[in-house]
Amino acid sequence: MQPAEATEISTVEPVTKPGSGRVRIAGLTVEFGKGEDRTIALAPTDLTLEPGTFTALIGPSGCGKSTLLNVVAGFTPLTEGSVRVDGRAVTGPHPSVGVIFQNFALFPWFTARGNVEFALKRFGLSKAERRARAMDALGEVGLAEHARKYPGQLSGGMKQRVAIARAFILEPDLVLADEPVASLDPQTSRVILGLLRSASQQHGATVLCSLHQVELATDFADR
Ligand code: ADP
């Protein structure tokens with residue numbers, strides 16, 4: 001692809017309706033199971049995320065970080081309380097919310113470009129436009145030259161770059177990242193968090209990100 005084409009594509013309208021990315025979580029309680037099997041994964045939790053901010057969730061394993069992220073993403077139903085993104089109650093997965101996982105969650109049978117293109121599948125864009133947008137997104141994370149490689153041919157850091165490109169290609173108002181650097185070495189972790197932060201600033205997305213290390217949180221998060 002010619003660079004001029006990439007520049008042109010980056011200015012086209014987002015495929016989802018833009019909001020501000022404000023999140024209000026009030027009295028959120030999540031329980032799993034019933035009776036003797038009942039687990040309270042989250043006791044009443046209140047949290048407000050201001051638009052465009054980067055918030056890190058820190059806490060020991062099992063304290064409820066993934067549960068909180070999964071409820072905000074719409075993957076897990078809440079038991080009590082409310083979660084609103086730009087005033088809308090979260091009732092299920094929504095394209096204005098991007099997600100990034102520890103294990104990258106890429107399709108092994110698609111190339112890097114194919115994985116990013118796939119996120120655009122249901123928005124009625126032509127194949128050429130999907131491809132151009134995917135190449136633009138991969139260029140943003142420094143992976144344009146590796147677009148034809150399959151996940152099995154990419155390092156962990158490169159896979160997470162693909163996942164970041166895939167998450168931001170829908171111009172999400174909110175990006176949720178569950179331990180995105182837990183399986184990466186310390187140096188790569190810093191590169192990936194830097195990329196995540198700059199992508200969120202460039203696209204104006206709010207970020208909620210669980211992390212293991214307090215020093216990464218203090219270096220990369222606003223809060
Ligand atoms: P963290 O991400 O901080 O490690 P989790 O949100 O994964 O914590 O888990 C919080 C608590 O909820 C743990 O006690 C965990 O065992 C429990 N839990 C999480 N998911 C489920 C589930 N699907 N069914 C039953 N218990 C669960």
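Author: A polar contact here is a pair of N or O atoms within 3.5 Å. The model is predicted, and every distance below is computed from it.

A polar backbone atom of G62 is 2.7 Å from an oxygen atom of the ligand. For G64, a backbone N or O atom lies 3.0 Å from a ligand oxygen. T67 uses its side chain instead: a polar atom there lies 2.5 Å from an oxygen atom of the ligand. Each of these distances falls within the 3.5 Å cut-off.

Now place these residues in the fold. The sheet comes next. It is open and has four strands, in the order β2-β1-β4-β5, with antiparallel pairing. β2 (39-49) and β5 (88-89) stand at the edges, each with a single partner strand, so one side of each has no neighbour in the sheet. Helix α2, residues 65-73, packs on this sheet. The helix touches β1, β2 and β4, and its direction makes about 115° with that of β1.

Take β1 and its partners next. Seven bridges join β1 to β2, and the two run antiparallel. They form a hairpin with six residues between them. G33 in the turn has a positive phi of about 75°. A26 stands opposite S82 in β4. V23 has a bridge partner in each neighbour: L49 in β2 and V85 in β4.

T55 touches L49, along with V207, L208, C209, A221 and R223, leaving aside residues up to four places away in sequence. T55 is in strand β3, residues 54-58. With a relative accessibility of 5%, T55 counts as buried.

Aromatic rings deserve a stop of their own. With ring centres within 6.5 Å as the test, the count comes to six aromatic pairs. One of them joins F107 and F118: the centres are 5.0 Å apart and the planes at 80°, so the pair is edge-to-face. This pair links distant parts of the chain, eleven residues apart. F107 is in the loop between β6 (97-101) and α3 (112-118), while F118 is in helix α3. F107 is partly exposed at 28% relative accessible area. F118 is partly exposed as well, at 38%. The rings of F118 and F110 have centres 5.6 Å apart and planes at 40°, so that pair is tilted. F110 is also partly exposed, with 26%. Together, F107, W109, F110 and F118 form one aromatic cluster.

Note on methods
Residues are numbered from 1 along each chain as its sequence is written. This is a predicted model: local features need pLDDT of at least 70, side-chain atom pairs count only at pLDDT 80 or more; totals for chains, interfaces and linings use all residues. Side-chain values use heavy atoms; hydrogens and water are left out. Two strands pair if DSSP finds at least two bridges between them. Contact means heavy atoms within 4.5 Å. Axes are lines fitted to C-alpha atoms, for helices over the stretch in contact, and angles run from 0 to 180 degrees between N-to-C directions. Rings of Phe, Tyr and Trp (its six-membered ring) pair if their centres lie within 6.5 Å; planes under 30 degrees apart count as stacked, over 60 as edge-to-face and the rest as tilted. Buried means under 20% relative accessible area, exposed over 50%, partly exposed in between (1.4 Å probe, protein chains only). A polar contact is a pair of N or O atoms within 3.5 Å; within protein, one must be able to donate a hydrogen and the other to accept it, and residues adjacent in sequence count only if both atoms are side-chain atoms.
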